[in-house]
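Subject: Handover of a structure

Dear colleague,

Please find below the structure that I am handing over to you. My findings follow it.

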Amino acid sequence: MAPLQVVRPHAQAEPLLRARGVTLEYRSGDHAVRATQDVDFDVFGGDRFVLLGPSGCGKSSLLKAVGGFLQPAAGTVSLNGHVVTRPGPDRIAVFQEFDQLPPWKTVLQNVMFPLLASKSAGRAEARERARHWIARVGLERFEHAYPHTLSGGMKQRVAIARALAMQPAVLLMDEPFAALDALTRRTMQEELIRLWAEAPFTLLFVTHSIEEALVVGNRILLLSPHPGRVRAELNSHQFGLHSAGGAEFQQAVERTHDLLFGVPPESHVETAERIAL
Ligand SMILES: Nc1ncnc2c1ncn2[C@@H]1O[C@H](COP(=O)(O)OP(=O)(O)O)[C@@H](O)[C@H]1O
Ligand SMILES: [Mg+2]
């Protein structure tokens, strides 16, 4: 069996999240920068779907479009059949930056805040849910700590707890572990997968690391350099942290690299499939 298969979207179910022909642009005056062009993808419930591509290919822009912060110049993003036009508590993001947590709030207050602000829960319930998720990420001893007293990895755990406490339809993660040292990054990947395995959620995860994409994702969308277009979609459910370093994993890394940076195929899906089979 080929170690890496190019898959077509599931035929059997309706996707939770659907991007169709998504072209994203930033305009200033009469000047426009095109970030992505004509991007299609489908994310199904329980997927760990990864957007992978080089820096500047529009991954963060796609996440912003899913988040409802950036309206497509062409195409649509829809969630549960409804076109996304604005942000909502059904899409919560975790970013790379450690300063995403207000420093004047404790861990507990940080995790409770979106539940209260979005009126998703009353004070007692918000407190209970926040404490549950703080424990799930292993920070029960730090409920009353302030962010500046925590390590980078711990801050990212708080951000993950805060996001998952909202029970979003899709958890959005934009290079959440990119600023961490290599060992902590591995631990965080492991913890994210453990959290998913304990109670699956739907994840849309952005990275420019091929290894991270293969470890974290069950499906990977490969984007070309700027402006990002879909190069191929890969099935990577067979890889996990245990496979990193193995021969099959190394082959998959190399093939993914070739698919990302090889000569642009005329028709990405067909050509990618030829390469894979
Ligand atoms: N706020 C912005 N204004 C103008 N151009 C932007 C803005 N944000 C991103 N871009 C441009 O859009 C392209 C894609 O950026 P981005 O989505 O951040 O890529 P990635 O996350 O893959 O590194 C880049 O060329 C970038 O310079
Ligand atoms: Mg980015």
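The model is predicted, and I begin with the surroundings of its ligand.

**The shell around ligand 1**

Ligand 1 is surrounded by Tyr26, Val33, Ala35, Gly53, Ser55, Gly56, Cys57, Gly58, Lys59, Ser60, Ser61 and His226. Two elements, strand 3 (31–43) and helix 1 (59–67), each give two or more residues to this shell. Of the elements, helix 1 contributes the most, namely three residues.

An open sheet of four strands has the order 3-2-5-6, and its pairing is antiparallel. Strand 3 and strand 6 (82–83) are its edge strands, each of them pairing on one side only. Between strand 5 (residues 74–79) and strand 6 there are two bridges, in the antiparallel sense. Leucine 79 has histidine 82, in strand 6, as its bridge partner. Helix 1 packs on this sheet and touches strand 2 (17–28), strand 3 and strand 5. The direction of helix 1 makes about 110 degrees with that of strand 2.

Is strand 10 covered on one face or on both? Both faces are covered: Arg219, Leu221 and Leu223 are buried on one side, and Ile220 and Leu222 are buried on the other. Five of the five residues of strand 10 (residues 219–223) are therefore buried, so the strand is largely enclosed by the rest of the structure.

Strands of a sheet pair through backbone hydrogen bonds, in either the parallel or the antiparallel sense. Strand 10 pairs with strand 4 (residues 48–52) in the parallel sense, over four bridges. Here leucine 52 has leucine 222, in strand 10, as its bridge partner. With strand 11 (residues 230–235), strand 10 runs antiparallel, and five bridges join the two. In this pairing leucine 221 stands opposite glutamate 233 of strand 11.

Strand 10 is connected to strand 11 by a hairpin of six residues. Proline 227 is found in the loop between these two strands. A cis peptide bond, with omega about -15 degrees, joins histidine 226 to proline 227. His226 is also one of the residues that surround ligand 1.

**Backbone angles to look at**

Most residues other than glycine have a negative phi, and most peptide bonds are trans. Which backbone angle sets aspartate 38 apart as a residue that is not a glycine? Aspartate 38 has a positive phi of about 55 degrees. This residue, aspartate 38, lies in strand 3. Aspartate 38 has 15 other C-beta atoms within 10 Å, so it counts as partly exposed; a residue would need 20 or more to be buried, and 12 or fewer to be exposed.

Lysine 119 likewise has a positive phi, near 60 degrees, and is a residue other than glycine. Because lysine 119 has 9 C-beta neighbours inside 10 Å, it counts as exposed.

Helix 2 itself (residues 107–117) has buried residues, which are Val107, Leu108, Asn110, Val111, Met112 and Leu115. Their cover includes helix 3 (123–136) and helix 4 (152–165).

**Two domains**

The protein chain is divided into domain 1 (5–90 + 168–276) and domain 2 (98–167). Taken over C-alpha atoms, the centres of domain 1 and domain 2 are separated by 26 Å. The contact between them takes 13 residues from domain 1 and twelve residues from domain 2. Which element gives the most to the side of domain 1 that touches domain 2? Helix 5 (residues 182–198) does, with five residues. That side of domain 1 divides into ten nonpolar residues, two polar and one charged.

Yours sincerely,

A colleague

How values were computed:
Residues are numbered from 1 along each chain as its sequence is written. Chains are lettered from A and ligands numbered from 1 in the order in which they are written. This is a predicted model: local features need pLDDT of at least 70, side-chain atom pairs count only at pLDDT 80 or more; totals for chains, interfaces and linings use all residues. Two strands pair if DSSP finds at least two bridges between them. A residue is near a molecule or strand if its C-beta atom, placed from the backbone, lies within 6 Å of it. Two residues are in contact if their C-beta atoms, placed from the backbone, lie within 7 Å. Domain bounds come from an automatic or database domain assignment. Ala, Val, Leu, Ile, Met, Phe, Trp, Tyr, Cys and Pro count as nonpolar, Asp, Glu, Lys and Arg as charged, and the others, Gly among them, as polar. Axes are lines fitted to C-alpha atoms, for helices over the stretch in contact, and angles run from 0 to 180 degrees between N-to-C directions.
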